[in-house]
Amino acid sequence: MSDQALTYLDANSVAAEGPAWLDVRRRAARASFADAGFPHRRVEAWRYTDLSRLVAKADWQPAGPHEGAVLVPEGRSNPFAGIESYKLVFVNGFFRPDLSELDGLPESVEILPLESALERGTKFESAFDANGPEAMAPIAALNTACARDGAVIRLSDGVQLEQPVQIIHYTPDGGATVAHTRNVIELGGGASMTLLEAQIGWGGAYLVDRVTNLNLGEQSSLTHVRLEDEDTDAIHLSTVLGDVASNASYVANTLAIGGRAGRLQSALHFAGEGAHAESNTAYLLRDSQHLDSTIVVDHAVPGCTSGALAKGVLDGEAIGVFQGKVIVAPQAQKSDAKQMSNALLLSRDAAMNAKPELEIYADDVQCAHGSTIGELDGDALFYLRSRGIEEKVARQMLISAFLGDVLEQISHEVARDVLSARAAQWFGLETGLEIGPETEGVV
């Protein structure tokens, strides 16, 4: 049993409240996390990201509700503000109804904060039972024990939600505070929607931990576009645990540009034939930032397809990590899985660790993985400079082309443009693109 874990749980876990079934699960999660503790380098799946060491530097306390207006610094606004959407806004991990927009929801759609869903008596046992593979279980248990709020989205069978849903998380307050949130997303058979999610902070030293449970019914479709843009002193944990039914599809595209240290991890399980899952991540790191992108895909049934692509740009002393694992069960014939990690190092002091893995127990499959680490193409840079293009702009053009394989795959046109603009801002360039009325000022 870990003293570090016990100290953290004493300060941050949720006391007995809510329905009895949830309290049972919280107590079990507390016991599980107290036994496992924060993952460290001796755990193989965390050998490149020592979370135990990272959290040991502060006396973490729960973040409190943020009252009043939220003053967003320049360049840190909600990137999806100009897109007509249903919207849930969380500040320091707490739902803010005054900043959210949920009018006009169809009767067959349920979108509400977790606390309200629990008060309605909505059943979430399966979501809080899911811990994912062993490598992710401690974080899932920690979240179950400590999550106070989150978003619940449920679509009935056959609902095609034309308007996207936004989930926006702001963290304006630091001071070694912690926010744990839990999202639950359930799509009935044949349902489809686009989810736009952003986690944006500027409060200094804080820790955010977000777990999202996905349950996608047969022939359903979820497109998930994410921006992770934390304060440079923040620690960020994001976990997606998903079950994908027969002929259903989950496609995620993520841009990560902030945070002192972070881990984006996903565990996707195919529960029916013909399912598809895809995870594409672009990340831009500088100084001493550290980002770990880890995905596990479980091909438990035949005829499913999956893809994982991570593209990183690292400057200064930044460190990137990609860990991808595909498991193909003996009965999962005709599986098709691909993983690729590409990293571009802009500095000799930057570092990249890549560990793609395949565990294949079937014989009629197509599975491939690969990894590359390199520098900017000197010949291409010279060519652009010889045409009179300023070096800073030429480098940005080459890097944007490198990231294009991820960002250009975003199916929502406006979301694609605003995330590309956010990536361009990382270079300090003017994009000329209006990214919404909340570019700067009060939300």
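**Rings, charges and cysteines**

Tutor: Let's start with a charge and a ring: the charged end of Lys 311 sits over the ring of Phe 402, 4.5 Å from its centre. Keep in mind that this is a predicted model.

Student: Okay! And which residue lies over the face of Trp 46?

Tutor: That's Arg 263, at 3.6 Å from the ring centre.

Student: What about rings with rings, how many aromatic pairs are there in the whole structure?

Tutor: A search turns up five aromatic pairs. One of them is Tyr 8 with Phe 38: the ring centres are 5.2 Å apart and the planes are at 85°, so the pair is edge-to-face.

Student: Where do Tyr 8 and Phe 38 lie?

Tutor: Tyr 8 is in helix H1 (residues 3-12), while Phe 38 is in the loop between helix H2 (20-36) and helix H3 (51-55), so the pair ties together parts that are 30 residues apart in sequence.

Student: Are those two buried or exposed?

Tutor: Tyr 8 and Phe 38 are both buried. Ring pairs also link Tyr 8 and Phe 38 with Phe 33 into a cluster.

Student: New topic: how many disulfides does the search find?

Tutor: Zero in the whole structure.

Note on methods:
Residues numbered from 1 in each chain as written. Predicted model: local features only at pLDDT ≥ 70, side-chain atom pairs only at ≥ 80, totals over all residues. Heavy atoms only, no water. Disulfide = S-S within 2.5 Å. Phe/Tyr/Trp six-rings, centres within 6.5 Å; stacked < 30°, edge-to-face > 60°. Helix = DSSP H or I, 4+ residues; strand = E, 2+ residues; numbered from the N terminus. Buried < 20%, exposed > 50% of the residue type's maximum accessible area, 1.4 Å probe, protein only. Lys NZ or Arg CZ within 6 Å of the ring centre and 35° of its normal.
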